[in-house]
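The following exercises concern one protein chain.

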Amino acid sequence: MDAAPTQRRLHDPAGRGTADHHRLVQQLSDVVDGRQILSPAKFIEMMGLDIRSFSSNAHVHSSTVTRSPAAESIQSHIRLNLEVLAAVTAVSGDDLQDAIFWYRNEPLALFDYKAAEMLVAKGRAVDVLNLLASYPAGFVG
């Protein structure tokens, strides 16, 4: 058993997850007050969310999303989501829309049938990444 499971990262020997992550970051980048940030508005649009759902998942007030898009809590939430989405995209065959659908809707039996999006919102991104890392090995039972 891993002594520090919260510090594990997805191992992607082909480097595909990293490329997917960089592509997503570039798509969502914006400049606010002279600084480059990940745009919550672009993320919300890409994911098909509304501000209330996003703010609930990010654990911030909905006004924070529009008034302080560069807030660390918002930026951190987007980064975590992008990391997991990049891993999903790498495992699923590079179709971002399919990855988003899976991320938001697929009930994961291992996690009481919660979707990856809900797990990430509850601070369990590493668990989802570990699950995705196990997919290439196939079913073991």
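This is a predicted model: local features need pLDDT of at least 70, side-chain atom pairs count only at pLDDT 80 or more; totals for chains, interfaces and linings use all residues.

**Exercise 1. Identify the buried residues of α3 and state how they are placed around its axis.**

Step 1. Phe54, Ser55, Asn57 and Ala58 are the buried residues in α3.

Step 2. These residues cover an arc of only 165° around the axis, so they lie on the same side of α3. The arc is that of the directions from the helix axis to the C-beta atoms.

Step 3. Their packing partners are α2 (40-47), α4 (62-67), α5 and α7 (116-121).

Step 4. The ends of the helix complete the description. At the N-terminal end, Asp50 caps α3, with a side-chain oxygen 3.2 Å from the backbone nitrogen of Arg52. After α3 comes His59, whose phi is positive, near 60°.

**Exercise 2. At what angle do α3 and α5 pack, and which residues make the contact?**

Step 1. Helix α3 (residues 51-58) and helix α5 (residues 72-92) pack at about 95°, and their axes are 9 Å apart. Axes are lines fitted to C-alpha atoms, for helices over the stretch in contact, and angles run from 0 to 180 degrees between N-to-C directions.

Step 2. This angle makes α3 roughly perpendicular to α5. Angles under 35 degrees count as roughly parallel, over 145 as roughly antiparallel, 65 to 115 as roughly perpendicular and the rest as oblique.

Step 3. On α3 the contact is made by Phe54, Asn57 and Ala58, and on α5 by Ile74, His77 and Ile78.

Step 4. Sorted by class, the contact has 4 nonpolar, 2 polar and no charged residues. Ala, Val, Leu, Ile, Met, Phe, Trp, Tyr, Cys and Pro count as nonpolar, Asp, Glu, Lys and Arg as charged, and the others, Gly among them, as polar.

**Exercise 3. Locate Ser39, and state what its side chain reaches.**

Step 1. Ser39 is in the loop between β2 and α2, and counts as buried at 5% relative accessibility.

Step 2. The side chain of Ser39 reaches the backbone nitrogen of Lys42 at 3.0 Å.

Step 3. Beyond four places in sequence, Ser39 touches Leu28, Asp30 and Ile78.

**Exercise 4. Describe the phi angle and the exposure of Asp33 and of Tyr113.**

Step 1. Most residues other than glycine have a negative phi.

Step 2. Asp33 is not a glycine, yet its phi is positive, about 55°. Asp33 is in the loop between β1 (29-32) and β2 (35-38) and counts as exposed at 77% relative accessibility.

Step 3. Tyr113 is likewise not a glycine and has a positive phi of about 60°. Tyr113 is in the loop between α6 and α7, and a relative accessible area of 58% makes it exposed. Apart from neighbours within four places in sequence, Tyr113 is in contact with Pro107 and Leu108.

**Exercise 5. How many residues of α8 are buried, and against which helices do they pack?**

Step 1. Helix α8 (residues 125-134) is mostly covered, with 7 of its 10 residues buried.

Step 2. The buried residues are Ala125, Val126, Val128, Leu129, Asn130, Leu131 and Leu132.

Step 3. They pack against α5, α6 (96-105) and α7.

Definitions and conventions:
Residues are numbered from 1 along each chain as its sequence is written. Side-chain values use heavy atoms; hydrogens and water are left out. Helices (H or I, at least four residues) and strands (E, at least two) are DSSP runs, numbered from the N terminus. Contact means heavy atoms within 4.5 Å. Buried means under 20% relative accessible area, exposed over 50%, partly exposed in between (1.4 Å probe, protein chains only). A polar contact is a pair of N or O atoms within 3.5 Å; within protein, one must be able to donate a hydrogen and the other to accept it, and residues adjacent in sequence count only if both atoms are side-chain atoms.
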